[in-house]
Amino acid sequence: MSSNGLLNLNKPPGVTSRRVVDHVARLERGLKVGHAGTLDPLASGVLVLCVGSATRLIEYVQRMPKRYSATFLLGRRSPTEDIEGEVLELSNPPVPSLDEIRQTATRFVGEIRQRPPAYSALKVQGRRAYDLARKGRDVELEPRTIVIHRIDVVGYEYPELQIEVECGSGTYIRSLGRDLAQAVGTMSVMSALVRTAIGGFRVEDARGPDSLNKENWRAHLLPSQRAVENLPRITLDRRQVQQIILGQAIRAATSTGEAPEIAALDEDGHLIALLTPRGPGLLRPKRVLATA
């Protein structure tokens, strides 16, 4: 049975994403494992692991839209922007109305600029921002462009605010809550976060990491092509498969238009490589997953 593919796991709160990766890596000697998007220890939910040759597809999973369910406590602040840091209550903070929060939330839908939190894994002059912040250094990260597809306020009973968010990659949900709170004249800390989906990987279908062992884990591997299901695809014959594995370009009549990348499958439906057009009717390998 193949040791290449994707695992849709439900990371429990209180556990690092690295710990989940290490657990799976120990299930088979020499197994390559990587995750497609870190979840903070406080958070739970979908953590997609790429295993074996599928580690070459991590960036494709990272690009997929993500959905979150988040809870915030208004009228509070912490250096980490969540309850993992020292939480301080504000003195007589304003209590925004539900309508005010909903109307303000619409301003954050679309392409916006967001300043990442100081306690993040982003690097500042070669060092992790959270390492500098923990040492008392002032860390002010540059804002960057993100995309928020949707924000729904699903519950509000002061001080607790619950929202659901669909967003693009690079979004920090605790910082989104920070900015939303500031826009209504107060502050917030994130108290809970669940990633409910990454693309088509849903938390309802995810496995608990502790349910995987050396005997059963391969049975839960998903096909590698799930990482690139948005790309056009072609099926190669055996001769073409061998050419691609050897790094050679192939001639193929395709109807993929101007697509910059094409998923190439063998006759059994397994992902062999990602191809890119080189000229009329000519495709060359960009990323090869299969071996001879």
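Q243 is buried, with a relative accessible area of 16%. In this predicted model, the residue belongs to helix α6, which spans residues 238-245. Beyond the residues up to four places away in sequence, Q243 touches Q248, A249 and I250.

**The five-strand sheet**

Five strands form an open sheet with mixed pairing, in the order β14-β16-β17-β18-β15. Its edges are β14 (233-235) and β15 (250-251), each of which pairs on one side only. I250, one of the residues touched by Q243, falls within the range of edge strand β15 (250-251). Strands of a sheet pair through backbone hydrogen bonds, in either a parallel or an antiparallel sense. For β16 (residues 262-265) and β17 (residues 271-279) the sense is antiparallel, and the pairing extends over four bridges. Within this pair, A264 stands opposite A273 of β17.

**E81 and its surroundings**

E81 is located in the loop that connects β5 (76-77) with β6 (88-89). With a relative accessibility of 8%, E81 counts as buried because the cut-off for that class is under 20%. Its side chain forms a polar contact of 2.8 Å with the side chain of R178. Apart from neighbours within four places in sequence, the residues in contact with E81 are P117, R174, S175, R178, S188, V189 and M190. The backbone of E81 has a phi near 70°, a positive value in a residue other than glycine.

**Further backbone features**

A positive phi, near 50°, is also found at N92, again a residue other than glycine. N92 lies in the loop between β6 and α3 (98-105). With a relative accessible area of 73%, N92 is exposed, whereas E81 is buried at 8%. The peptide bond from Y158 to P159 is cis, with omega near 10°. P159 is placed in the loop between β10 (144-157) and β11 (160-167).

**Cysteines and accessibility**

A disulfide is a covalent bond between the sulfur atoms of two cysteines. With a cut-off of 2.5 Å between cysteine sulfur atoms, the count of disulfides in the model is zero. Both C50 and C167 are buried. The accessibility values of the residues discussed are collected below.

| Residue | Relative accessibility | Class |
|---|---|---|
| C50 | 0% | buried |
| C167 | 0% | buried |
| E81 | 8% | buried |
| Q243 | 16% | buried |
| N92 | 73% | exposed |

Terms used: Residues are numbered from 1 along each chain as its sequence is written. This is a predicted model: local features need pLDDT of at least 70, side-chain atom pairs count only at pLDDT 80 or more; totals for chains, interfaces and linings use all residues. Side-chain values use heavy atoms; hydrogens and water are left out. Two strands pair if DSSP finds at least two bridges between them. Helices (H or I, at least four residues) and strands (E, at least two) are DSSP runs, numbered from the N terminus. Buried means under 20% relative accessible area, exposed over 50%, partly exposed in between (1.4 Å probe, protein chains only). Contact means heavy atoms within 4.5 Å. A polar contact is a pair of N or O atoms within 3.5 Å; within protein, one must be able to donate a hydrogen and the other to accept it, and residues adjacent in sequence count only if both atoms are side-chain atoms.
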